Amino acid sequence: MDIDTLTTFLGWCSVINIGCLILAFVLWVPLKNSVSRFGASLFGGTEEDLKLIFLNKLMLYRLLLFFFNIVPYVALKLMK
């Protein structure tokens with residue numbers, strides 16, 4: 001595998017993951033009350049706890065996306 005192929009792969013991985021992150025956030029905004037109410041009844045927590053957990057998971061996903069997709073992509077672009 002050469003640098004061009006790996007750069008293209010990481011670029012598309014970044015685009016797909018950013019799309020998933022945006023989709024999750026866009027769906028979360030109007031549905032957060034019903035989803036957290038359903039999760040609270042399913043798992044036995046409170047609605048506020050589930051909202052906080054979901055937002056923490058979105059931040060973790062964003063951080064991992066940055067470090068494992070975007071930073072290597074930029075590094076490979078700079079090496080080229």
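In which helix is the place of Val-71? Select Val-71 to begin: the residue sits in helix α2, which covers residues 47-79. Helices are DSSP runs (H or I, at least four residues), as strands are (E, at least two), and they are numbered from the N terminus. The model is predicted, so local features need pLDDT of at least 70 and side-chain atom pairs count only at pLDDT 80 or more, while totals for chains, interfaces and linings use all residues. Residues are numbered from 1 along each chain as its sequence is written, and side-chain values use heavy atoms, with hydrogens and water left out.

**Helix α2**

Keep Val-71 selected. Val-71 counts as partly exposed because its relative accessibility is 35%; buried means under 20% relative accessible area, exposed over 50%, and partly exposed in between (1.4 Å probe, protein chains only).

Next, display the whole of α2. The helix has 33 residues and reaches 47 Å from its first C-alpha to its last, close to the 48 Å expected at 1.5 Å a residue. The expected span of a helix is 1.5 Å times one less than its number of residues. Center the view on Phe-66, where α2 bends by about 35°; the bend at a residue is the angle between axes fitted to the seven residues ending there and the seven starting there.

Now select Lys-51, Leu-58, Leu-65, Asn-69 and Leu-76, the buried residues of α2. What covers these buried residues includes α1 (3-43). Contact here means heavy atoms within 4.5 Å.

**The nonpolar patch**

Select Leu-60, Leu-63, Leu-64, Phe-66, Phe-67, Phe-68 and Val-71, which make a nonpolar surface patch of about 660 Å². Patches are made of residues with over 30% relative accessible area and no salt bridge; nonpolar side chains (Val, Leu, Ile, Met, Phe, Trp, Tyr) are joined within 5 Å, and like charges within 9 Å. Accessible areas come from the Shrake-Rupley method with a 1.4 Å probe, and for residues only the protein chains shown count as cover.

Phe-68 is exposed, because its relative accessible area is 58%. Phe-68 and Ser-14 are 54 residues apart in sequence and 9.0 Å apart in space, C-alpha to C-alpha.

Then move to Leu-55, also placed in helix α2 and partly exposed at 37% relative accessibility. Between Leu-55 and Asn-17 there are 16 Å in space, C-alpha to C-alpha, and the two are 38 residues apart in sequence.

**Helix α1**

Display α1. How far does α1 span between its end C-alpha atoms? The span is only 46 Å, whereas a straight helix of 41 residues would span 60 Å at 1.5 Å a residue. Center on Leu-31, where α1 bends by about 80°.

Select the buried residues of α1: Thr-7, Leu-10, Gly-11, Ser-14, Leu-21, Trp-28, Ser-36, Gly-39 and Ala-40. They pack against α2.

Thr-5, also found in helix α1, is partly exposed at 43% relative accessibility. Draw a distance from Thr-5 to Ser-41: the pair is 36 residues apart in sequence and 47 Å apart in space, C-alpha to C-alpha. Just after α1, select Gly-44, which takes a positive phi of about 80°.

**The salt bridge**

How many salt bridges does a search of the whole structure find? The search finds 1, a salt bridge being a side-chain nitrogen of Lys or Arg within 4 Å of a carboxyl oxygen of Asp or Glu. Lys-80 forms a salt bridge with Asp-4, with the closest N and O atoms 3.3 Å apart. Lys-80 lies in the segment after α2 and Asp-4 in helix α1, so the pair ties together parts that are 76 residues apart in sequence. Lys-80 counts as exposed at 59% relative accessibility, while Asp-4 is partly exposed, with a relative accessible area of 40%.
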